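Please look at the sequence and the structure below before reading on.

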Amino acid sequence: MKYNYFHREQQKSYWEKHPFVQNRLHYNAARNEYTCPIGQPMRHIGDQRSTTKAGYVQTVSRYQASNCATCPMNGVCHKAKGNRIIEVNHRLNELKAQAREKLTSEEGLMHRSARPVEVESAFGNLKQNKGFTRFMLRGLDKVALETGLLATAINLKKLVRILQKRAEERLKSALGSVLSFTRARPQIIPIW
Ligand code: SF4
């Protein structure tokens with residue numbers, strides 16, 4: 001699944017405009033520290049745990065540079081007062097890296113190109129045209145069942161449309177044959 005910023009990350013212009021963002025800084029996992037744009041270490045200064053609305057517990061690690069006041073890059077690298085601090089969710093970065101690898105693989109590219117045609121039009125139709133914005137059932141199994149029913153309804157509608165089109169084409173071609181037969185029929189010339 002695509003995460004926020006996936007599309008931006010794929011653009012060269014994004015990195016050109018933001019050369020000093022946290023994602024561009026080198027991380028040394030063994031020392032648990034980052035290297036800032038002029039090559040100075042950004043030391044780990046602590047972790048912060050919080051719980052999201054959905055109940056997921058996440059940990060954000062903080063790293064701080066130490067000589068920003070005298071650095072010629074001050075003001076370009078970051079705009080905050082004092083030494084630059086970055087906040088990193090390592091678990092999130094790990095999951096993003098996994099997603100990025102899948103999304104940019106050959107198989108991922110194939111699924112991504114099929115998605116707008118096969119999936120998004122069906123979701124758009126369901127939400128926008130049919131007003132389906134909430135599931136009526138709760139729980140993964142029941143939601144899967146409800147999704148299956150919706151997909152069946154959409155597929156039946158598509159099937160009816162295809163059969164209708166085929167029937168129309170057959171009718172048109174039968175009418176065409178009758179008309180051409182009538183036109184080609186030899187005229188009866190009276191002999192008296
Ligand atoms: S401003 Fe601070 S963080 Fe940025 S390059 Fe200079 S020392 Fe490093």
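**From one loop to the whole chain**

Asn32 sits in the loop between β1 and β2 (33-35). Strands here are DSSP runs of E with at least two residues, helices are runs of H or I with at least four, and both are numbered from the N terminus. This is a predicted model, in which local features need pLDDT of at least 70, side-chain atom pairs count only at pLDDT 80 or more, and totals for chains, interfaces and linings use all residues. Residues are numbered from 1 along each chain as its sequence is written.

The phi angle of Asn32 is near 50°, a positive value in a residue other than glycine. Asn32 counts as exposed because it has 12 C-beta neighbours inside 10 Å. The cut-offs are 20 or more other C-beta atoms within 10 Å of a residue's own for buried, 12 or fewer for exposed, and partly exposed in between, with C-beta atoms placed from the backbone. Tyr5, in the segment before α1 (6-9), also has a positive phi, near 75°. Tyr5 counts as exposed because 12 C-beta neighbours lie inside 10 Å.

The strands can be taken next. Five of them form an open sheet in the order β1-β2-β3-β4-β5, with antiparallel pairing; two strands pair if DSSP finds at least two bridges between them. β1 (26-28) and β5 (85-88) are at the edges and have a single partner strand each, so one side of each has no neighbour in the sheet. Within the sheet, eight bridges join β3 (residues 41-51) to β4 (residues 57-64). Thr51 has Val57 of β4 as its bridge partner.

Around the ligand there are 13 residues, and the closest are Cys36, Ala65, Cys68, Cys71 and Cys77. A residue is near a molecule if its C-beta atom, placed from the backbone, lies within 6 Å of it.

What is the order of elements along the protein chain, from the N terminus on? The elements run α-α-β-β-β-β-β-α-α-α. The chain is divided into domain 1 (6-102) and domain 2 (135-182), with bounds that come from an automatic or database domain assignment. The centres of domain 1 and domain 2, taken over C-alpha atoms, are 51 Å apart.

The C-alpha atoms of the protein chain fill a box of roughly 120 × 40 × 30 Å, taken along the principal axes. Of the 192 residues in the protein chain, 5% are buried.
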